[in-house]
Amino acid sequence: MKTALIAVIAIASALSSVPAHAGKTADAIRARGQLACGVSTGVAGFSAADSKGEWRGMDVDFCRALAAAVLKDPSKVRWSPLTSQQRFTALQSGEIDILSRNTTWTLGRDAGQGLVYAGYMFIDGQGFLVHKRSKVNEARQLNGAEICVQTGTTTEKNLAEFARANRIQFKTLMFENLRAVLKAFFSGRCQAFTADASALASIRANDSGKPEDYVVLPDRISKEPLGPVVRRGDEDWFALVRWAIFALLEAEERGITRANVDTVRQRSDDPAVQRLLGVSEDVGKPLGLDREWVYRMLKAVGNYGEIFERNVGPESLLQLPRGINALPRDGGVMYSPPLR
Amino acid sequence: MKVRAYALQAAIVAAVLLALYGLATLVAAKMRGLGVEPGFGFLWQRAGFDIGDTLIAFDAADTYGRAFLVGLLNTVSVAAVAIVASLGLGGALGLGQLARNRLLARLCEAYVELFRNVPLLLQVLIVYVLLIGRLPLPQEAWSLGPDVWLSKSGLALPWPTFTDVGLMLERPVLGRFTFSGGAMLTPEFLSVAAALTLFTAAYIAEVVRGSVQAVSRRQTEAAQALGLNDAQTLRFVVVPQALRSMIPPLANQLLNLIKNSSLAVAVGYPDLVAVADTTLNQSGHAVECIAIIMAVYLTLSLITAALMGGWHGRLLRQQGGYP
């Protein structure tokens, strides 16, 4: 009996230690000829279909970059718009290969649900939108103000915690309906509106009528790191997605852009650049990719900084500052381990 | 025969109770599966959110139970104000419809038709949007008398408070953003109270008109023959008789008003339903929160019905029953 059990364990461990070269998810994507990418049903700057039905946004660009790396064609993506109720089930059931959809990274989601986060794409946080005439520059100056909130899951709690921690008082006005809360705020009923900063930026740009009259305060009173999620159980695919983010960051750090990538590949004698673009070493091999994968991602969507600027940066509709999402040399936390 | 009927009824009651028990067990099991312990114990947990408009002190460190109490007091206060105001307005409109002055009567009729045929939710929203849209910012508030200010933040009033030197009138003071001190009737409260009043008054007007018309014409003629003038006829002859048939339908209108106050949720007035919605979102105790809402409205309605019924009974006894 005991020997039989040992034999079973031995066979099982022998089978599981067979190297799955690029991972079963990547194999399935290649066989299908398409990356199945789960996005939102429409969040400007992150994933939203434009007037021509073309998907645009940071989360969308990341899926295009992955398709360029794995399938050598950034257009080979099948988009699945998902609500917040559907998103995890779609990934758990295998309907999508990756969930690239403004989803906050938390312990409970990362560990308890058969999912794993591959990293940060955008670090958000709850912020405040105020009228410029209020002359408020930071959230603590809002002591005594009336604050409009749309009741959700954590928004009103974060607000109460912030007030308590800073020993200030707010008069909280809670609304259930987004239209009602926007009406109240833009009528001047309350002096500030609190929600996730990226949502505030989108509201300021699209719903205020006069964006120049409003300002999103720099304070972030909660942590909302957003990033792509994959299924647990395929470490190779997880590693590929994670290092795709790092490669986009590394490219920005080394100054390689969509425009100059060809010239840089030919001329640069920086060893880190040569390695990244597959000129000297092959950094694709451990991931089950070829040596030009980073080059193709950059040709498709540009480096991380370019993705940020194009979709949510100061020149875009959302006009978000780079802030904490900058590289460490610019005061942010977007750090990439060495690609070697 | 009778035994069979009782047995059947007992069986139906037992089946209903069993079904309820089964449902409760199922819900409890499902909630445990989601990691939520069913029961009302959560009422003693820390709420963690603030409520803007409160009659009693409340902050995020207080319990869900106290949040419900805040919501209940808000529901009761907005309903009480609207009941008093709509009885006054509705009574006047009802009598106005019967006025000999044609213009006045038509105006009152027009009012009734307009306000009872527009959905209440729309009326609440219209009043709210008008208030927050048309009123000035707190910095440019309209002065309606000494220390009375009307602005987008609401109607700020002086309010008596206990201090070291005894009862003092606390004045509202404009801070950097809005008024503090004194009492503040917020636009949310005002719009719910006003819309409930305007809407219910139209129905009450119809009840009053119908009851007055139900009093025999001959009563009026007899009163006039005795030399009573119009006002005296109304006060001593018509209204006391009309009241008897008026009270039961009036009680219905008041019950509707109390339940309609839950539309406050549309404009962010923290009534019982709004607080319960936030609580169930935060705590996951949806079934318990809905049960509390049901129990509270049931209790408020039964109390109102009992008060009105008592008044009606007393009136009938005083007047010696129906003629």
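Trainee: How many residue pairs are in polar contact between chain A and chain B?

Mentor: A polar contact is a pair of N or O atoms within 3.5 Å; within protein, one must be able to donate a hydrogen and the other to accept it, and residues adjacent in sequence count only if both atoms are side-chain atoms. Between chain A and chain B, 7 residue pairs are in polar contact, with both residues at pLDDT 80 or more. This is a predicted model, in which local features need pLDDT of at least 70 and side-chain atom pairs count only at pLDDT 80 or more, while totals for chains, interfaces and linings use all residues. Residues are numbered from 1 along each chain as its sequence is written, chains are lettered from A and ligands numbered from 1 in the order in which they are written, and side-chain values use heavy atoms, with hydrogens and water left out.

Trainee: Which helices and strands of chain A each supply at least two residues of the side that touches chain B?

Mentor: Helices (H or I, at least four residues) and strands (E, at least two) are DSSP runs, numbered from the N terminus. In chain A, helix H6 (155–165), strand S10 (171–175) and helix H7 (178–187) each supply at least two residues of the side that touches chain B. The largest share, 5 residues, comes from S10(A). By class, that side of chain A has 9 nonpolar, 11 polar and 10 charged residues; here Ala, Val, Leu, Ile, Met, Phe, Trp, Tyr, Cys and Pro count as nonpolar, Asp, Glu, Lys and Arg as charged, and the others, Gly among them, as polar.

Trainee: What is the area buried between chain A and chain B?

Mentor: The size of an interface is often given as the accessible area lost when the parts come together. Buried area is what two parts lose in this way (1.4 Å probe), summed over both. Between chain A and chain B, about 2400 Å² is buried, and carbon and sulfur atoms give 51% of this area. Met174(A), Glu176(A) and Arg189(A) lose the most area on the side of chain A, together 23% of what that side buries. In terms of contact (heavy atoms within 4.5 Å), 30 residues from chain A and 32 residues from chain B take part.

Trainee: How many salt bridges are there between chain A and chain B?

Mentor: A salt bridge is a side-chain nitrogen of Lys or Arg within 4 Å of a carboxyl oxygen of Asp or Glu. There are 2 between chain A and chain B, including the pair of Arg164(A) and Asp59(B), at 3.8 Å from N to O. Over all chains, the count comes to 25.

Trainee: Which residue forms a salt bridge with Arg179(A)?

Mentor: The partner is Asp207(A), with the closest N and O atoms 3.9 Å apart. This pair links distant parts of the chain, 28 residues apart: Arg179(A) is in helix H7 of chain A, and Asp207(A) is in the loop between helix H8 (197–206) and strand S12 (214–216) of chain A. For accessibility, buried means under 20% relative accessible area, exposed over 50%, and partly exposed in between (1.4 Å probe, protein chains only). Arg179(A) is exposed because its relative accessible area is 55%, whereas Asp207(A), at 32%, is partly exposed.

Trainee: Where do Arg106(B) and Glu109(B) lie?

Mentor: Both are in helix H3 (residues 102–116) of chain B, 3 residues apart, about one turn of the helix.

Trainee: Is helix H3 of chain A mostly covered or mostly uncovered?

Mentor: H3(A) is mostly covered, with 14 of its 14 residues buried. The helix (residues 58–71) reaches 20 Å from its first C-alpha to its last, close to the 20 Å expected at 1.5 Å a residue; the expected span is 1.5 Å times one less than the number of residues. Just after H3(A), Lys72(A) takes a positive phi of about 60°.

Trainee: Where is Arg167(A) placed?

Mentor: Arg167(A) is in the loop between H6 and S10 of chain A. Its phi is near 50°, a positive value in a residue other than glycine. Because its relative accessibility is 77%, Arg167(A) counts as exposed.

Trainee: Is Gln253(B) buried or exposed?

Mentor: Gln253(B) is buried because its relative accessible area is 13%. Gln253(B) belongs to helix H7 (residues 230–260) of chain B. Leaving aside residues up to four places away in sequence, Gln253(B) touches Thr200(B), Tyr203(B), Ile204(B) and Val207(B).
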